[in-house]
Amino acid sequence: HSDNLDFGESVPMSISFWIIKSSSAEMHVLGKRSGQNNCTFQIGSSGNSIGIGGYPIGWWDELSMTSPTITETWTHVVFTFDGDMMSGYLNGTLEGSSSGSSLGPKSTVPLEIGTLQWGQTHDLFDGLIDEVGIWNRALTEEEVQFYMFTPPTGNESGLVSYWNFNE
């Protein structure tokens, strides 16, 4: 665990990743959750929707977007948060935003990718995830579009974690 991942509440951040789901079932993609009622943030998906939220603020629907192809083809997903405005992008296009947003409480629990612990169980993601990037600031729309086709090199402003899963 890195202190650079201790975000929540109104701390700015951005998360980007590629995803393709193998089913339309409800599942978690990634997040930080220490139990049933304590969640810094979680990204979840059900059917063709994908969203982000925290708990007790909300489940994964602080901001939700719909992609008709998320279970058929690779989709680039980015959520940005500047401390007030939450924005969501699919394949480089702004799909929604919400002001007055907040994540759940700050937490030092580990970030989980492809699963999320809640209560007594872990929820496993059914599909593929690639190129997960986390920044400690809100990316601009231009940066969202740039990083969609050009992976970070590791020295970008605000980049705190990046997993390309190319091993």
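In the hairpin that joins strands S6 and S7, 4 residues lie between the strands, and Gly-83 among the residues of this hairpin adopts a positive phi near 105°. The model is predicted, so that local features require pLDDT of at least 70 and side-chain atom pairs count only at pLDDT 80 or more, while totals for chains, interfaces and linings use all residues. Residues are numbered from 1 along each chain as its sequence is written, and side-chain values use heavy atoms, without hydrogens or water.

Strands here are DSSP runs (E, at least two residues; helices H or I, at least four), numbered from the N terminus, and two strands pair if DSSP finds at least two bridges between them. S6 and S7 run antiparallel and are joined by 5 bridges; Thr-80 has Ser-87 in S7 as its bridge partner.

On to the next hairpin: S7 and S8 have 2 residues between them, and Asn-91 in the turn shows a positive phi of about 50°. Another 5 bridges link S7 (residues 86–90) to S8, again antiparallel. Here Ser-87 stands opposite Ser-97, and Met-86 faces Ser-98.

These strands belong to an open, antiparallel sheet of 6 strands, ordered S8-S7-S6-S1-S12-S13. Its edge strands are S8 (93–98) and S13 (159–163), each pairing on one side only.

Helix H1 (residues 141–149) lies across S1, S6, S7, S8 and S12, at about 150° to S6; axes are lines fitted to C-alpha atoms, for helices over the stretch in contact (heavy atoms within 4.5 Å), with angles from 0 to 180 degrees between N-to-C directions.
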